[in-house]
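This report covers a helix pair and a ligand site. Please view the structure before reading on.

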Amino acid sequence: MYDFVIIGGGILGLSTAYHLLQERPGARLVLIDKEQRLAYHQTGHNSGVIHAGVYYTPGSVKAKLCKEGAERTVRFCEEHGIKYERCGKLIIATDAEESARLKGLEERVIANGLDYENISAGRLREIEPNVAGEAAMLVHATGIVNYTDICIAMADVIRESGGEIRLGTALTGINESDSEIVVETDKGELTARTLVVCAGLQGDRIAMMAGIGIDFRVLPFRGEYYQVAASRGELVKHLIYPVPDPSLPFLGVHLTRIIDGTLTVGPNAMLSLGRETYSGNYPVPSDMADMMSFPGFYKLMASFASAGLYEMRGSLSKRVYLERCRKYCPSLKLEDLQPMEAGIRAQSVSSDGKLIDDFLFLETARSLYMCNAPSPAATSALPIADEIVARALRKAN
Ligand SMILES: Cc1cc2nc3c(=O)[nH]c(=O)nc-3n(C[C@H](O)[C@H](O)[C@H](O)COP(=O)(O)OP(=O)(O)OC[C@H]3O[C@@H](n4cnc5c(N)ncnc54)[C@H](O)[C@@H]3O)c2cc1C
């Protein structure tokens, strides 16, 4: 019998296992993932940004966990020799309206306790000669890392601490009784005292598998990127972000430097017709059926109809997308934008059609399900895992 079975070899499952073994050295723990390698889904398909925590409501759990998560991510990288860079983020206002919104954002940045600098148009030209804007804010703490590297380092520590990791093993059933929880997989049964599920894009299905009644579904949103041609890789030194548009649910086109030296533009936010369709946006019948049978889907589509059309136009036309990028980086050309694999976000949506913004935990007597962990959950993974572990240990005691 295991003390803990953890589902999910993304950054949340691994952070949880890592932290559990620190809190309970010697515990019998196994982490399973259906894929053959770690970080196969969201964690290995994200922008690699260590977010500083600019946008979140001051005092909120998200704001607190992001700031703490960024600091702890950097510390983890230093302790484990993982490459990262604190390159800073420039939020660019391109007209008077955006400048006014940037001012509003400044109040939030101050309230969130972040170190920042207001940048004039002249100074912007000096520090980023290829970027156009009439004002900007430089947030120093924002950085970049490859979250897959962090996952691999965590997995090493988990194994060294006596934990097991079984890849290529899919959870297929959950049966809970007063004394134990039986976890069925395609490679046989495991019994445990406590189960923790961090299954990202499959989170709602696994909660239902356990017989939990839920009033939300995970809807998949593609984040499509272009890779900027290597010859233009030195175009920017910082991460370049727009001032957030309150009418759009996601951040909008941005230029992100990747720790391996490439430069990307994106991601956008397009409804995905499949939950795990990285090679193209083709329909997967079971995923479509789940989406179409969920009333919240239609309500969400109705409330974000114009944002959806905006994203679709940019997704279908490279030229339209280029124009959006050129607003910030006028020298970009069509041939600079080269194809790159998309990521797919797991976004939980309530039955009344609202995007669920907060982390969402569901629990039974012996199990815990992380059912919504949107960005910046990679940044915040270590403190989120503290919360998961605190809850899991209450069950184990
Ligand atoms: C395009 C994009 C850009 C992003 N950019 C950033 C960013 O720059 N910074 C940031 O902080 N956050 C970012 N995020 C968010 C961040 O990547 C996610 O919040 C985070 O990776 C979630 O981690 P996770 O472990 O919950 O999920 P995942 O990484 O998706 O892991 C879930 C795991 O569960 C496994 N699983 C599912 N079902 C089963 C089953 N039945 N049996 C066994 N295993 C199963 C899956 O195989 C998977 O490995 C981005 C996300 C996307 C998609």
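## Helix pair

In this predicted model, α1 and α11 are oblique to each other, because the angle between them is about 60° and angles of 65 to 115 degrees would be needed for roughly perpendicular, under 35 for roughly parallel and over 145 for roughly antiparallel. The axes of the two helices lie 8 Å apart where α1 packs against α11. Helix α11 spans residues 381–396, and α1 covers 11–23. The crossing of α1 and α11 has a right-handed sense.

## Shell around the ligand

Helix α1 also takes part in the ligand site: α1 and the strand β20 (343–350) each supply at least two residues of the shell. In total, 36 residues surround the ligand. The closest of them are Asp 33, Thr 43, Leu 171, Ala 373 and Thr 379.

By residue class, the shell holds 16 nonpolar residues, 16 polar residues and four charged residues.

## Polar contacts and burial

For Thr 43, a side-chain N or O atom is 2.5 Å from an oxygen atom of the ligand. For Thr 379, a polar side-chain atom lies 2.7 Å from a ligand oxygen atom. Val 49 contributes through its backbone, with an N or O atom 2.9 Å from a nitrogen atom of the ligand.

How much of the ligand's exposed area does the protein bury? Taken alone, the ligand exposes 1000 Å², and the protein buries 97% of that area.

Key. Residues are numbered from 1 along each chain as its sequence is written. This is a predicted model: local features need pLDDT of at least 70, side-chain atom pairs count only at pLDDT 80 or more; totals for chains, interfaces and linings use all residues. Side-chain values use heavy atoms; hydrogens and water are left out. A residue is near a molecule or strand if one of its heavy atoms lies within 4 Å of it. A polar contact is a pair of N or O atoms within 3.5 Å; within protein, one must be able to donate a hydrogen and the other to accept it, and residues adjacent in sequence count only if both atoms are side-chain atoms. Accessible areas come from the Shrake-Rupley method with a 1.4 Å probe; for residues, only the protein chains shown count as cover. Helices (H or I, at least four residues) and strands (E, at least two) are DSSP runs, numbered from the N terminus. Ala, Val, Leu, Ile, Met, Phe, Trp, Tyr, Cys and Pro count as nonpolar, Asp, Glu, Lys and Arg as charged, and the others, Gly among them, as polar. Axes are lines fitted to C-alpha atoms, for helices over the stretch in contact, and angles run from 0 to 180 degrees between N-to-C directions. A crossing is left-handed if the near helix is turned anticlockwise from the far one by less than a right angle, and right-handed if clockwise.
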